Amino acid sequence: MAVGNAKRQMVSGMSAGDSRPVKPLDFDGPLPRPTRDMDQIRADLGRAGYAIAAEVITPQKAKEMRNFLADEIARLEAIDVDNVRGFYTDNDDRNRRVSGAELVNRHPFFRDILEHELPLGITKEILGPQTHDESYLIHSYGANVTRPGSAQQGIHRDRGGNVPLSAGAAQTRFIWCLDDFVEENGATRVVPGSHLDTEPQSWSVQYESVAAEAPAGSVLIYTDLLLHGTGANVSSNLERAGVIIGYCPPWWKPMIQFPMTTDPAAMQDSSKTLRQLMGYSSVAIGFDEPWTFAPQAVKDLLVTPEMEW
Ligand SMILES: O=C(O)CCC(=O)C(=O)O
Ligand SMILES: [Fe+2]
């Protein structure tokens, strides 16, 4: 049964000419709404494949970080606009993206949220125990800003390779909303219930989807099993900034090699947990290979790989 406002989002210059067959939404029951109740979050994740955690940071903090991000984009743009646009996953030149590899160097907020208790707790519940308690890793990290007139991103899963869906979630995903996410400004679109699909994603299908609307300060939670994508920004004057972080088991290859991209000075007072998540450790199963040619300042940050949480 299709839900409330499920639809193909009308995207300028695309939908009229899009002749791909439509896959109607097939989902029963209410859509997840922002909540502070962890049991509700768990239930929404199980039923719909996504949940919205409300008030994880204050609106003031979200605003402060949003302003910081805007300044950072302006700084990077002044060096070369291609630093912040034209990415494989979002090639609409109106949009902007800043890599998390850069953000961790720029402000403690972007290090602190990596080890926030909400994503860590959910990740532990979903990805489960690891051999010798080896720490999860940050798989991918970046800030996505939609801007007026930008097109919808293709609906997809954040799932690499050909890992069968039956293997379960291989990544937990968190979008920290620094602006209010509304349908008009390109709130992330999701296909509720698609985490239970058995078919691989197809680019030849138009998936019906809904906008995951959430106030600034919320966190949209999902896994790499959920079909989703950035919404079109059909507003005339609203931007939408989301900071997206993925966590994976230690045996996946992260997209960022933090020990090589992070200023060691930014990590001076960092916790063991953060260093583990960012890959400043060897493996728990032995075969410890010394980082022979790493600079001493990076070697000094190395920690043991077993999680203590
Ligand atoms: O920006 C968003 O809303 C989602 C982005 C996304 O799904 C991705 O880049 O993989
Ligand atoms: Fe995605």
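The legends below accompany close-up views of a predicted model.

**Figure 1**
Because His156 belongs to the loop between strand 4 (137-146) and strand 5 whereas His228 belongs to strand 10 (residues 228-229), the pair ties together parts that are 72 residues apart in sequence. His156 counts as buried, with a relative accessibility of 12%, and His228 is likewise classed as buried, with a value of 4%. Ideal angles at a metal are 109.5 degrees for four tetrahedral donors, and 90 or 180 degrees for six octahedral ones.

**Figure 2. Arg159 and its surroundings.**
Arg159 is placed in the loop between strand 4 and strand 5, and its relative accessibility of 13% is under the 20% limit, so this arginine counts as buried. Its side chain reaches two backbone oxygens, that of Val163 at 3.2 Å and that of Gly168 at 3.0 Å. When residues up to four places away in sequence are not counted, Arg159 touches Pro164, Leu165, Ala167, Gly168, Ala169, Ala170, Asp224 and Leu225.

Another pair, Phe174 with Tyr247, is edge-to-face, with centres 5.5 Å apart and planes at 85°. It too links distant parts of the chain, with Phe174 in strand 5 (residues 172-177) and Tyr247 in strand 11 (residues 240-248), 73 residues apart. Both Phe174 and Tyr247 are buried. Ring pairs also link Phe68, Phe109 and Phe110 into a cluster. In a further view, the charged end of Arg97 sits over the ring of Phe87, at 5.2 Å from the ring centre.

**Figure 3. Helix 1, its buried side and its two ends.**
Within helix 1 (residues 38-48), the buried residues are Ile41, Asp44, Leu45 and Ala48. They cover an arc of only 105° around the axis, which means that they are on the same side of helix 1. An α-helix has 3.6 residues a turn, so residues three or four places apart point the same way. The partners against which the buried residues of helix 1 pack are strand 2 (50-53), helix 5 (117-127) and strand 9 (219-223). The N-terminal end of helix 1 is capped by Asp37, of which a side-chain oxygen lies 2.9 Å from the backbone nitrogen of Asp39. Following helix 1 comes Gly49, with a positive phi near 85°.

**Figure 4. Val243 in strand 11.**
Val243 has its place in strand 11 and counts as buried, at a relative accessibility of 0%. Val243 and Ala143 are 100 residues apart in sequence, yet their C-alpha atoms are 4.2 Å apart in space. Leaving aside neighbours within four places in sequence, Val243 is in contact with Phe110, Ile113, Tyr141, Gly142, Ala143, Phe174, Ile175, Trp176 and Leu178.

**Figure 5. Two loop residues with a positive phi.**
Most residues other than glycine have a negative phi. Glu55, although not a glycine, has a positive phi of about 55°, and lies in the loop between strand 2 and helix 2. With a relative accessible area of 57%, Glu55 is exposed. Phe287 is another residue other than glycine with a positive phi, here near 55°, and lies in the loop between helix 7 (272-277) and helix 8 (296-299). Its relative accessibility of 71% is over the 50% limit, so Phe287 counts as exposed.

Technical notes
Residues numbered from 1 in each chain as written. Chains lettered and ligands numbered in written order. Predicted model: local features only at pLDDT ≥ 70, side-chain atom pairs only at ≥ 80, totals over all residues. Heavy atoms only, no water. Phe/Tyr/Trp six-rings, centres within 6.5 Å; stacked < 30°, edge-to-face > 60°. Helix = DSSP H or I, 4+ residues; strand = E, 2+ residues; numbered from the N terminus. Buried < 20%, exposed > 50% of the residue type's maximum accessible area, 1.4 Å probe, protein only. Lys NZ or Arg CZ within 6 Å of the ring centre and 35° of its normal. Arc of directions from axis to C-beta. Contact = heavy atoms within 4.5 Å. Polar contact = N/O pair within 3.5 Å; in protein donor to acceptor, adjacent residues only side chain to side chain.
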